[in-house]
Amino acid sequence: MQRDIAALEEMDRPDADPLMLERTYAQFPLVNRCVSGWRSVYLGLVRPALPRNRTATVLDIGCGGGDIALALLRWARADGLSLKVTGIDPDPRAHDFASRAAAAAGFGPAELEFRRAASAELVAEGQVFDVVISNHVLHHLDPPALSGVLADSQVLARSLAIHSDIRRRRSALLLFGLAALPLAGTSFIRRDGLTSIRRSFTRDELARVLPRGWHAHAAGLYRNLAIWHGEPPAGR
């Protein structure tokens, strides 16, 4: 099955139905808990990269509705870690939803900040974070944009950059299509999820487009991780 790079997700359309888009953002936490594997990524990669002698910082690129940022904060709080997460997304609709989600969750600006911005803007500002992440972003990007995000990640991350995405397989289309049937018509989740699978990389395809210093890791059945390691965390 070849990558369908011409396929466009409904939620990426500027004229996407506002109600359907709102429902899509609202359903992301459920879908990501089931398929994204971020709990394992946090335990195995993110948590060990966080310093213990100060407030650690994480940047979430293309944060969408903000559910991954919120999950990281909850897990860090349960582990007794001091963490601030910054989520960025250039889409004003995503920024609005994420900001409302942060307020509803009770996280203040000292713990969670959402900005309508791209990674290049933070590079220009001289920002640095302990860990840089993204979820389901890479398959959206054309080659120049992908190279830019990866280069920005190396500048922005002290210890670790990790971009998690779908790994394309025919069985993923079948299983996700069946599992998401209850959501069909209630949001863009099912339709866009199938499009995302068709647009995503295999592990070998991802490895070929990653620059020197990065490596592609197949996590579970249907996940790819693009990983870059910087300096080990201080204060351990």
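Some ground rules. Residues are numbered from 1 along each chain as its sequence is written, and side-chain values use heavy atoms, with hydrogens and water left out. Because the model is predicted, local features need pLDDT of at least 70 and side-chain atom pairs count only at pLDDT 80 or more, while totals for chains, interfaces and linings use all residues. Helices (H or I, at least four residues) and strands (E, at least two) are DSSP runs, numbered from the N terminus.

Let's begin with the sheet. Seven strands form an open sheet. The order is β3-β2-β1-β4-β5-β7-β6, and the pairing is mixed. Two strands pair if DSSP finds at least two bridges between them. The edges are β3, residues 112-115, and β6, residues 214-219. Each of these edge strands pairs on one side only. From one strand to the next, the twist averages 20°. As background, strands of a sheet pair through backbone hydrogen bonds, either parallel or antiparallel.

Now look at β4 and β5. How many bridges join β4 to β5? Six, and the two strands run parallel. Strand β4 covers residues 129-135, and β5 covers residues 157-166. Phe129 stands opposite Ala157 in β5. Val131 has Leu160 of β5 as its bridge partner. Strand β5 is mostly covered, with nine of its ten residues buried. Buried means under 20% relative accessible area, exposed means over 50%, and partly exposed is in between, using a 1.4 Å probe and protein chains only.

Next, the helices on the sheet. Helix α2 packs on it, touching β4, β5 and β7, residues 223-229. Contact here means heavy atoms within 4.5 Å. The direction of α2 makes about 155° with that of β5. Axes are lines fitted to C-alpha atoms, for helices over the stretch in contact, and angles run from 0 to 180 degrees between N-to-C directions. Helix α3 lies across β1, β2, β3 and β4. It runs at about 175° to β2.

How do α2 and α3 meet? Helix α2 spans residues 38-46, and α3 spans residues 67-78. Their axes come within 11 Å and cross at roughly 50°. That makes α2 oblique to α3. On this scale, angles under 35 degrees count as roughly parallel, over 145 as roughly antiparallel, 65 to 115 as roughly perpendicular, and the rest as oblique. The crossing is right-handed. A crossing is right-handed if the near helix is turned clockwise from the far one by less than a right angle, and left-handed if anticlockwise. From α2, the contact uses Trp38, Arg39 and Tyr42; from α3, it uses Ile68, Leu72, Trp75 and Ala76. These contact residues divide into six nonpolar, no polar and one charged. Ala, Val, Leu, Ile, Met, Phe, Trp, Tyr, Cys and Pro count as nonpolar, Asp, Glu, Lys and Arg as charged, and the others, Gly among them, as polar.

On to α1 and α4. Helix α4 is residues 92-105. The axes of α1 and α4 come within 11 Å and cross at roughly 50°, so these two helices are oblique to each other. Their crossing is right-handed. Leu21, Glu22, Tyr25 and Ala26 in α1 meet Arg93, Ala94, Phe97 and Arg100 in α4. That contact has five nonpolar residues, no polar ones and three charged.

Helix α8, residues 189-199, is mostly covered. Eight of its eleven residues are buried, among them Ile189, Leu194 and Ile197. What do the buried residues of α8 pack against? They pack against α1, β5 and α7.

Finally, three single residues. Leu146 sits in helix α6. Is Leu146 buried or exposed? Buried, because its relative accessibility is 5%. Leu146 touches Leu138, Leu141, Phe201 and Val209, leaving aside residues up to four places away in sequence. Val209 is 63 residues from Leu146 along the chain, yet their C-alpha atoms are separated by 8.8 Å.

Ile5 lies in the segment before α1. It is exposed, with a relative accessible area of 56%.

Last, His136, in the loop between β4 and α6. His136 is not a glycine, but has a positive phi of about 55°.
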